[in-house]
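Hello,

I am passing on a structure for you to look at. My notes on it follow below.

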Amino acid sequence: MPLPSYAAFDEKDLGAQVLLSQYKLRTSGDAVTVRQAVARYMKEHGATALSVTRFATAVSEIARNAIVHAGGGEFSIYVDPRAKQLTVVCWDKGPGIEDVELALTDGYTSGGGLGRGLGGAKRLAKIFEIRTAIGGGTSVLMSVNL
Ligand SMILES: Nc1ncnc2c1ncn2[C@@H]1O[C@H](COP(=O)(O)OP(=O)(O)OP(=O)(O)O)[C@@H](O)[C@H]1O
Ligand SMILES: [Mg+2]
């Protein structure tokens, strides 16, 4: 299944990686589901406990953001044929982020949260890319080596 046209990442960004699974993000339970799916795959493919915890936490924060700030989104897991890399793409059709640098700053929240999710995810995932447009939604790509 290709990425929908409103996703800001495409095949070029994914290289040789293939789609493993795709999820709708609507409720906080969906964020738990994708976190667990990523953690399970990583464990089964030899990732260390620390690496699993770090990446799964990043996944959880990004999925929660799509749900909380964009009213929901979609989440895909891609893997390379030798299972040496896992990439997730989380995208939404929400309001977009006006100032990404500001949004990444620890403590910045547009309301209610601790403002630590986005910046924390970027640090934890190391390979982290965000594309967003006002009124055009937000897409986040994160990768981890296994
Ligand atoms: N998918 C998104 N769509 C629109 N705005 C977003 C999205 N993700 C993050 N933001 C904006 O970036 C800000 C910072 O996000 P971050 O995850 O760091 O904090 P938070 O979600 O407010 O709080 P928390 O610490 O609970 O995650 C949010 O308050 C919001 O304004
Ligand atoms: Mg957040």
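The fold has an open sheet of 5 strands in the order β1-β2-β3-β5-β4, with antiparallel pairing. Its edge strands, each pairing on one side only, are β1 (18-25) and β4 (127-133). Ignoring direction, neighbouring strands are turned by 15 degrees against each other on average. Here strands (E, at least two residues) and helices (H or I, at least four) are DSSP runs, numbered from the N terminus, and two strands pair if DSSP finds at least two bridges between them.

This is a predicted model: local features need pLDDT of at least 70 and side-chain atom pairs count only at pLDDT 80 or more, while totals for chains, interfaces and linings use all residues. Residues are numbered from 1 along each chain as its sequence is written, with chains lettered from A and ligands numbered from 1 in the order in which they are written.

β1 and β2 run antiparallel and are joined by 7 bridges. Val 18 has Val 79 in β2 as its bridge partner.

Ile 77 lies in strand β2 (residues 73-79). The C-alpha atoms of Ile 77 and Val 18 are separated by 8.4 Å, although the two are 59 residues apart along the chain.

As for ligand 1, α3 gives the most to the shell around it, with 6 residues.

Regards

Conventions. Axes are lines fitted to C-alpha atoms, for helices over the stretch in contact, and angles run from 0 to 180 degrees between N-to-C directions.
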